[in-house]
Amino acid sequence: QVQLVESGGGLVQPGGSLRLACAASGFSFSTATMSWYRQAPGKQRELVASISRGGTTNYADSVKGRSAISRDNATSTVYLQMNSMKLEDTAVYYCKASVFPNYYWGQGTQVTVSS
């Protein structure tokens, strides 16, 4: 069965850094587009970053320049490095795999930015 397991979330101070990881299994990871989404309380789920099977990356304007998505096909893991974190980064972060015509979601990991 398909599994996407996020880890690395937690409490971080404003200006701090966090590295999220998503361990994938049960599908062809190397051919999938992988993405990170986040959902803050009272808000819609939004795309944070994505990386194609060829390594092309895209970022939301809100995190551009201070975040980096990467993938390791050998371990079927996608990462999200976030630096210079802000209070508004507080959200549940979800890993998403897109393998046309299907897509899969992880369970999410809480990220809280607070002083």
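Analyst: Buried means under 20% relative accessible area, exposed means over 50%, and partly exposed lies in between (1.4 Å probe, protein chains only). The model here is predicted: local features need pLDDT of at least 70, side-chain atom pairs count only at pLDDT 80 or more, and totals for chains, interfaces and linings use all residues. Residues are numbered from 1 along each chain as its sequence is written, and side-chain values use heavy atoms, with hydrogens and water left out.

User: Why does Arg38 count as buried?

Analyst: The value for Arg38 is 5%. That is under 20%, so Arg38 is buried.

User: What makes the contact of Arg38 and Glu46 a salt bridge?

Analyst: The N to O distance between their side chains is 2.8 Å. A salt bridge needs a side-chain nitrogen of Lys or Arg within 4 Å of a carboxyl oxygen of Asp or Glu, so this pair qualifies.

User: Why does the pair of Asp89 and Arg38 tie together separate parts of the chain?

Analyst: Asp89 is in the loop between β8 and β9, while Arg38 is in strand β4, so the pair joins parts that are 51 residues apart in sequence. Strands (E, at least two residues) and helices (H or I, at least four) are DSSP runs, numbered from the N terminus.

User: Which residues form the network of salt bridges?

Analyst: Arg38, Glu46, Arg66 and Asp89 are linked in it. The structure holds four salt bridges. One of them joins Asp61 and Lys64, at 3.1 Å, N to O. Asp61 and Lys64 are both exposed.

User: What is said of Lys96: is it buried or exposed, and what is the nearest side chain of opposite charge?

Analyst: Lys96 is buried and has no salt bridge. The nearest opposite charge is Glu6, 12 Å away. Lys and Arg count as positive, Asp and Glu as negative, and His and the chain ends are not counted. The residue sits in strand β9.

User: Which residues are in contact with Lys96?

Analyst: Contact means heavy atoms within 4.5 Å. Beyond four places in sequence, the partners of Lys96 are Leu4, Thr33, Met34, Ser35, Tyr37, Tyr103, Tyr104 and Trp105.

User: What makes a set of residues a nonpolar core, and how many residues has the largest one?

Analyst: The members are buried Ala, Val, Leu, Ile, Met, Phe, Trp, Tyr and Cys residues joined through side-chain atoms within 4.5 Å. The largest core has 29 residues. Those with the most contacts inside it are Leu4, Phe27, Met34, Trp36, Val78, Leu80 and Tyr93. Strands that each supply at least two of its residues are β3 (18-25), β4 (33-39), β5 (46-51), β8 (77-82), β9 (91-99) and β11 (109-113). The largest share, five residues, comes from β9.

User: Which residues does Phe27 touch?

Analyst: Not counting residues up to four places away, Phe27 touches Val2, Gln3, Leu4, Ala32, Met34, Ala97 and Val99.

User: How many helices and strands are in the chain?

Analyst: There are zero helices and eleven strands.

User: Why does the radius of gyration agree with a compact globule?

Analyst: The globule rule is 2.2 Å times the number of residues to the power 0.38, with the radius taken over C-alpha atoms. For 115 residues that gives a value near 13 Å, and the chain has 13 Å, so the two agree. The C-alpha trace spans about 40 × 25 × 25 Å along its principal axes. Buried residues make up 42% of the 115.

User: Why is Leu87 called exposed?

Analyst: Its relative accessible area is 51%. That is over 50%, so Leu87 is exposed. Leu87 lies in the loop between β8 and β9. Beyond four places in sequence, Leu87 is in contact with Pro14 and Val113.

User: Why is Gln1 called exposed?

Analyst: Gln1 has 76%, which is over 50%, so the label is exposed. Gln1 lies in the segment before β1 (3-7), and touches Ser25 and Gly26, not counting residues up to four places away.
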